[in-house]
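Reader: I have a model open on my screen and would like to learn how to read it. Could you take me through some features, giving the general idea and then the case here?

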Amino acid sequence: MAQMRGSGSYGMAAPITCPPSGRFLIVVTFIEDAVRIITQWNDQLLYLHDYRHIPSGLTHLFLILNVIAMVACSTLVIIRKHSERAVGGLIAVVITQALGYGLIFDLNFFLRNLSVMGGLLMVLSDSWVRKTKAFAGLPQLEEKDRKMYFQLAGRILLIFLFIGFVFSGQWSVWRVAVSLIGLMACVMVVVGFKAKFSATLLVVILSVFNILVNNFWTLHEHHPHKDFAKYDFFQILSIVGGLLLLVNSGPGQFSIDEKKKVY
């Protein structure tokens, strides 16, 4: 992102950009999914054909297009090129996979992917920086306004993963405590109050949860939950990447934090 500074007829932009590690984390679930499809090619074809009843030719085309889109768009996000097309392509992948694999009505899948899309929207808002020069009387508002709206949408979507966490699984004392703290942090993220602090808190909670619960590397190769734990692990990493982008760039204009600066 960029903040305009200076006086007179021109303003100089001071860019604040998402670090490469944050962008990599945001798309890491797509990279892992592409690798999964390639390494489990026959199993993927069998599932799509036998259980989803998709014709053989279309199953091959579906998987090939998904792999190409995920690898190409993820690379573009990381290197900060053609961000709008890259984010649009990855969101299209999420939607087509939900339809292709029959997960469109799976609440857990739906909430998690809303959070992933929230991270992608944060990437998109990060890419819409102001012009390096702005002429007096001709304010450059379009990109700034779009960025504000997408930052707000990204903040809201990012917290859906935690909502899914709260309403799934068996309850215990630690789960209640973590859920209450996490929900307070989620509300703070949405309204943009102490947004950097609350996003950092969610990063810590999700990271600890990810390591303790989704430790797929400790499971036997043929363990029935290994693939899901691995998938879940990388999805949470992507959402952590979105939260790190929020920590780095701030909540945007539609937030209590920014309003406090004005008043």
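Author: Let's start with a polar contact, meaning a pair of N or O atoms within 3.5 Å; within protein, one must be able to donate a hydrogen and the other to accept it, and residues adjacent in sequence count only if both atoms are side-chain atoms. Here the side chain of Ser125 reaches the backbone oxygen of Met122 at 2.9 Å. Ser125 belongs to helix H5, residues 107–127; helices (H or I, at least four residues) and strands (E, at least two) are DSSP runs, numbered from the N terminus. This is a predicted model, in which local features need pLDDT of at least 70, side-chain atom pairs count only at pLDDT 80 or more, and totals for chains, interfaces and linings use all residues. Residues are numbered from 1 along each chain as its sequence is written, and side-chain values use heavy atoms, with hydrogens and water left out.

Reader: Is Ser125 buried or exposed?

Author: Buried means under 20% relative accessible area, exposed over 50%, and partly exposed in between (1.4 Å probe, protein chains only). Ser125 counts as buried because its relative accessibility is 1%.

Reader: Which backbone oxygen lies 2.7 Å from a polar atom of the Asn66 side chain?

Author: That is the backbone oxygen of Phe62. Asn66 sits in helix H3 and is buried, at 4% relative accessibility. Leaving aside residues within four places in sequence, Asn66 is in contact with Ile37, Val93, Thr96 and Gln97.

Reader: How do I read a phi angle?

Author: Most residues other than glycine have a negative phi, and most peptide bonds are trans. His53 has a positive phi of about 55° although it is not a glycine. His53 is in the loop between helix H2 (41–51) and helix H3 (56–79), and it counts as exposed because its relative accessibility is 63%. Lys194 also has a positive phi, near 50°, and is placed in the loop between helix H8 (173–191) and helix H9 (195–213). With a relative accessible area of 42%, Lys194 is partly exposed.

Reader: How do I judge the length of a helix?

Author: Compare the end-to-end C-alpha distance with the expected span, which is 1.5 Å times one less than the number of residues. H10 (residues 226–249) has 24 residues and reaches 35 Å, close to the expected 34 Å. H9 has 19 residues, so it should span 27 Å, and its end C-alpha atoms are 26 Å apart, which agrees. As for burial, 17 of the 24 residues in H10 are buried, while buried residues of H9 include Ala195, Leu202, Leu206 and Phe209.

Reader: What about the nonpolar core?

Author: In soluble globular proteins, nonpolar side chains tend to be buried together. A nonpolar core is a set of buried Ala, Val, Leu, Ile, Met, Phe, Trp, Tyr and Cys residues joined through side-chain atoms within 4.5 Å. The largest one here has 49 residues, and Phe30, Leu206 and Leu243 have the most contacts inside it. Its largest share, 8 residues, comes from H5. At least three residues come from each of domain 1 (19–105) and domain 2 (147–262), with bounds from an automatic or database domain assignment.

Reader: Which residues does Leu206 touch?

Author: Not counting residues up to four places away in sequence, Leu206 touches Leu161, Phe162, Ile236, Ile239, Val240 and Leu243. Apart from that core lies another, of 5 residues, among them Val28 and Phe233.

Technical notes: Contact means heavy atoms within 4.5 Å.
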